Amino acid sequence: MSRIMAFDYGTKRIGIAVTDPLQLIATGLDTVHPQDILAFLSKYLQTEAVECFVVGEPKRMDGSASQVEPHIKGFINLLKKNFPNIPAE
């Protein structure tokens, strides 16, 4: 089976977690500067199969979008453009 990769996007660092191949347990993998994320993912995907990307979208206490929301949308578009065979949710 393939892994699921999750991202906690920040403008200074992106936290990355992955599931085990059976998708039972997720563990932290690394934190990467946003400008290095594509190189990191390209290298990782050479050795591991990833079924989908999951990107966290933080909300304010009232449920409205946070300040980082436009950056997250851009990050999701970057993932879809560079890894079109892996769905990003």
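How many bridges join strand β1 to β4, and do the two strands run parallel or antiparallel? In this predicted model, strand β1, which covers residues 3-9, is joined to β4 by five bridges, and the two strands run parallel. Within this pairing, Phe7 has Val55 of β4 as its bridge partner.

**The sheet as a whole**

These strands belong to an open sheet of four strands, whose order is β3-β2-β1-β4 and whose pairing is mixed. The edge strands are β3 and β4, the latter spanning residues 50-55, and each of these two pairs on one side only. From one strand to the next, the twist averages 25°.

The pairings can be set side by side as follows.

| Strands | Bridges | Direction |
|---|---|---|
| β1 and β4 | five bridges | parallel |
| β1 and β2 | five bridges | antiparallel |
| β2 and β3 | six bridges | antiparallel |

**The two hairpins**

Strands β1 and β2 form a hairpin with four residues between them, and in this pairing Ala6 has Ala17 of β2 as its bridge partner. Strand β2, made of residues 14-19, is also joined to strand β3, made of residues 26-32; here Gly15 has Thr31 of β3 as its bridge partner, while Val18 stands opposite Thr27 in β3. The hairpin of β2 and β3 has six residues between the strands, and in this hairpin Gln23 takes a positive phi near 60°.

**A buried and an exposed isoleucine**

Is Ile16 buried or exposed? Ile16 counts as buried because its relative accessibility is 4%, and the cut-off for buried is under 20% relative accessible area. Leaving aside residues up to four places away in sequence, Ile16 touches Met5, Ala6, Phe7, Gly28, Leu29, Asp30, Val32, Ile37 and Phe40. One of these contacts, Val32, is 16 residues from Ile16 in sequence, and the two are 7.8 Å apart in space, C-alpha to C-alpha.

Ile25, by contrast, is exposed, because its relative accessible area is 55% and the cut-off for exposed is over 50%. Together with Met1, Leu22 and Leu24, Ile25 makes a nonpolar surface patch of about 510 Å².

Technical notes. Residues are numbered from 1 along each chain as its sequence is written. This is a predicted model: local features need pLDDT of at least 70, side-chain atom pairs count only at pLDDT 80 or more; totals for chains, interfaces and linings use all residues. Side-chain values use heavy atoms; hydrogens and water are left out. Two strands pair if DSSP finds at least two bridges between them. Axes are lines fitted to C-alpha atoms, for helices over the stretch in contact, and angles run from 0 to 180 degrees between N-to-C directions. Buried means under 20% relative accessible area, exposed over 50%, partly exposed in between (1.4 Å probe, protein chains only). Contact means heavy atoms within 4.5 Å. Patches are made of residues with over 30% relative accessible area and no salt bridge: like charges are joined within 9 Å, nonpolar side chains (Val, Leu, Ile, Met, Phe, Trp, Tyr) within 5 Å. Accessible areas come from the Shrake-Rupley method with a 1.4 Å probe; for residues, only the protein chains shown count as cover. A salt bridge is a side-chain nitrogen of Lys or Arg within 4 Å of a carboxyl oxygen of Asp or Glu.
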